[in-house]
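Please work through each task before reading its solution.

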Amino acid sequence: MSDVWGQNLKISLFGESHGEGIGVVIDGVPSGLKIDMDFIKSEMARRAPGKNKLSTKRKEADEPRILSGVFNGTTTGAAICAVIENTDTKSKDYSELKKKMRPGHSDYAAYLKYVGFNDYRGGGHFSGRITAPIVFAGAVAKQLLAQKGIRICSWIKSIEDIEDVSLDKINVDEVLMDAVQGSDFPVLTKELGEKMQERIVEASMDCDSLGGVVQCAAINIPGGIGSPFFRSVESVLASILFSVPAVKGVEFGEGFNISKLRGSQANDEMYYDADGNVKTYTNNNGGLTGGITNGMPITFNVAIKPTPSISKEQRTIDIEAKENTTLVIHGRHDPCIVHRVIPVIESVTAIALAELIL
Ligand SMILES: Cc1cc2nc3c(=O)[nH]c(=O)nc-3n(C[C@H](O)[C@H](O)[C@H](O)COP(=O)(O)O)c2cc1C
């Protein structure tokens, strides 16, 4: 398994959902960065499970313990290693899943690759739980970026077919950022958020799950970051966004919709503002042209699939008996991943931007 990402800010993940613990090694954080542990803990709490009926009932404190790289509250320049203990595992729930493959989950693909040696309990190393150490690394990267005034924020754009308004891609409102970041179910329109939550509860009562779209914006990004081809900002961001389990699509700016516009509509026309800064009247390119930041906010959408583990009966295979069978999944699962993945999307975005800036 290769779970190392990055060149300048290298992160390496370890652990399994039902093992002793999970964690991350972060290599490349410069010395002298003051680490705000309260901020890190608040970020971890935003992702932690067991908070409400919209999330898995698994309860984890997600307390990170830093083993290296931070001394007297400041980074030393050496690799930072953080571990998080697993405390609420119920592996019995998973005994049937050793042989019956969950449709839509990694079980069968992992069986093919690791010939049955992978830890299948709770999805093992494929579990959404491994995103907790990603949030730890993201919280460190956010503190690096905050020194340059860079801020990242994500919220729910849609759940199933319930669609919220899109953000103003030119003037991303910091007050709005503060408001959504403090919410367990961040949306731009409160009433639509309530409808979305009702829909998730309905789906869960029907033993089913739902997907949706997360929207993300990064602001105060200096122009000129990135490269034309393989290290374009889109490539670096997409490579880490697609590493997040359940992400099935990423689109920058107007994304797929830009293909329906004419050049005269799609082009972001330019001007100097009163302070002499270069701005664009629209931001259909999501702040990125030629693979390089152009000074406008970076904006993108991320498609999240419905949680694969559902308790509705589904057809599958038994790899021990080598026969067709059916499966009803027991155990504790998120009826929807979208609201839980929000801090994870922000974190990988922070890691990618730090990688490009360092
Ligand atoms: C925060 C988070 C929580 C998740 N929770 C669950 C869950 O409770 N049950 C489940 O089947 N999948 C869950 N997933 C998704 C699976 O990990 C993922 O679908 C699976 O590994 C297959 O990978 P893929 O969807 O990228 O193809 C979660 C993902 C994330 C990011």
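**Exercise 1.** Determine how close Arg231 and Glu355 come in their salt bridge, and where each residue lies.

*Solution.* Step one: Arg231 and Glu355 form a salt bridge whose closest N and O atoms are 2.9 Å apart; the term denotes a side-chain nitrogen of Lys or Arg within 4 Å of a carboxyl oxygen of Asp or Glu. Step two: Arg231 sits in the loop between strand 10 (212-219) and helix 6 (233-241), whereas Glu355 belongs to helix 8, so the pair links distant parts of the chain, 124 residues apart. Helices (H or I, at least four residues) and strands (E, at least two) are DSSP runs, numbered from the N terminus. Step three: Arg231 is partly exposed at 26% relative accessibility, while Glu355 is buried at 1%. Here buried means under 20% relative accessible area, exposed over 50%, and partly exposed in between (1.4 Å probe, protein chains only).

The model is predicted: local features need pLDDT of at least 70 and side-chain atom pairs count only at pLDDT 80 or more, while totals for chains, interfaces and linings use all residues. Residues are numbered from 1 along each chain as its sequence is written, and side-chain values use heavy atoms, with hydrogens and water left out.

**Exercise 2.** State how many salt bridges the structure holds, and describe the one between Glu346 and Arg46.

*Solution.* Step one: the structure holds 21 salt bridges. Step two: in the bridge between Glu346 and Arg46, the closest N and O atoms are 2.9 Å apart. Step three: Glu346 is in helix 8 (residues 338-357) and Arg46 in helix 1 (residues 37-47), so the pair ties together parts 300 residues apart in sequence. Step four: both Glu346 and Arg46 are buried. Step five: a network of salt bridges links Glu43, Arg46, Lys142 and Glu346.

**Exercise 3.** Are Asp62 and Arg129 buried or exposed, and which parts does the pair tie together?

*Solution.* Step one: a salt bridge joins the side chains of Asp62 and Arg129 (2.9 Å, N to O). Step two: Asp62 lies in the loop between helix 1 and strand 4 (64-68), and Arg129 in the loop between helix 2 (107-114) and helix 3 (131-146), so the pair ties together parts 67 residues apart in sequence. Step three: Asp62 is buried, with a relative accessible area of 4%. Arg129 is buried as well, with a relative accessible area of 6%.
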